[in-house]
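Please look over the sequence and the model below.

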Amino acid sequence: MASSLDTVFSALADPTRRAILTMLLEDDMAVTDVAEPFEMSLAAISKHLMILTKAGLISQEKRGRVKWCKLEPDALRAASVWMQGFGQFEPIHLDAFERFLEVELTDTPPAGDTA
């Protein structure tokens, strides 16, 4: 599972690939339509699509002369389950944490204390 998570998160790390996934939320798209809003070559877009395909985030299918891309939302399930595991912790209050560290790591009282 760790290997597939690595592949999914690696694919999601790129803003172009995240934008492509957002576009595919609406509907299946031809590769040329996917490429249209980006200022890069069709070859570059094809490389992004291949990474998304290898991660299982999209599938590609040739219909006639046109290659179509389809979002595969189930591929995000394992990543979503993994991330939800971190939701069980209380949010860290950074100001309180900073004050704690200041007290623990120095001999001087935190700013605002006169004791």
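## Sheet, helix and charge pairs

Ile-58 stands opposite Leu-71 in β3. That pair belongs to a predicted model, as does everything below.

**The sheet.** Strands β2 and β3 run antiparallel and are joined by 6 bridges. Strand β2 covers residues 58–63. Strand β3 covers residues 66–71. The two strands form a hairpin with 2 residues between them. In this hairpin, Gly-64 takes a positive phi near 70°.

Strand β3 also pairs with β1. Here 2 bridges do the joining, and the strands again run antiparallel. Ala-30 has Trp-68 as its bridge partner in β3. Put together, the 3 strands make an open sheet in the order β1-β3-β2, with antiparallel pairing. Strands β1 and β2 stand at the edges with a single partner strand each, so one side of each has no neighbour in the sheet.

**The chain as a whole.** The chain has 115 residues, and 24% of them count as buried. Its accessible surface is about 8500 Å². Carbon and sulfur atoms account for 57% of that surface. Among contacts with a separation of 6 or more, 48% come from residues 24 or more positions apart.

**Helix α2.** Asp-14 caps its N-terminal end. A side-chain oxygen of Asp-14 lies 2.8 Å from the backbone nitrogen of Thr-16.

Which residues of α2 are buried? They are Thr-16, Arg-17, Ile-20, Leu-21, Met-23 and Leu-24. These residues cover an arc of only 160° around the axis, so they lie on the same side of α2. The face turned away from that buried side carries the exposed residues Pro-15 and Thr-22.

Thr-16 deserves a separate look. This residue is found in helix α2. Its relative accessible area is 14%, which is under the 20% cut-off, so Thr-16 counts as buried. What does Thr-16 touch, leaving aside its neighbours within four places in sequence? Its contacts are Phe-38, Met-40, Ile-45 and His-48.

**Salt bridges.** The structure holds 3 salt bridges.

| Side chains | Distance, N to O |
|---|---|
| Arg-63 and Asp-28 | 3.1 Å |
| Arg-63 and Glu-61 | 3.4 Å |
| Asp-74 and Arg-77 | 2.5 Å |

Take the pair of Arg-63 and Asp-28, whose side chains meet at 3.1 Å. Arg-63 is partly exposed, with a relative accessible area of 36%. Asp-28 is partly exposed too, at 24%.

Arg-63 has another salt-bridge partner in Glu-61. The relative accessibility of Glu-61 is 44%, which makes this residue partly exposed. Salt bridges with shared partners join Asp-28, Glu-61 and Arg-63 into one network.

Are Asp-74 and Arg-77 buried or exposed? Both are exposed. Their side chains meet in a salt bridge at 2.5 Å.

**In brief.** Strand β2 stands at an edge of the sheet and pairs with β3 through 6 bridges.

Definitions and conventions: Residues numbered from 1 in each chain as written. Predicted model: local features only at pLDDT ≥ 70, side-chain atom pairs only at ≥ 80, totals over all residues. Heavy atoms only, no water. Salt bridge = Lys/Arg side-chain N within 4 Å of Asp/Glu carboxyl O. Helix = DSSP H or I, 4+ residues; strand = E, 2+ residues; numbered from the N terminus. Buried < 20%, exposed > 50% of the residue type's maximum accessible area, 1.4 Å probe, protein only. Arc of directions from axis to C-beta. Polar contact = N/O pair within 3.5 Å; in protein donor to acceptor, adjacent residues only side chain to side chain. Contact = heavy atoms within 4.5 Å. Areas by Shrake-Rupley, 256 points an atom, 1.4 Å probe, with all protein chains shown as cover. Pairing = 2+ DSSP bridges.
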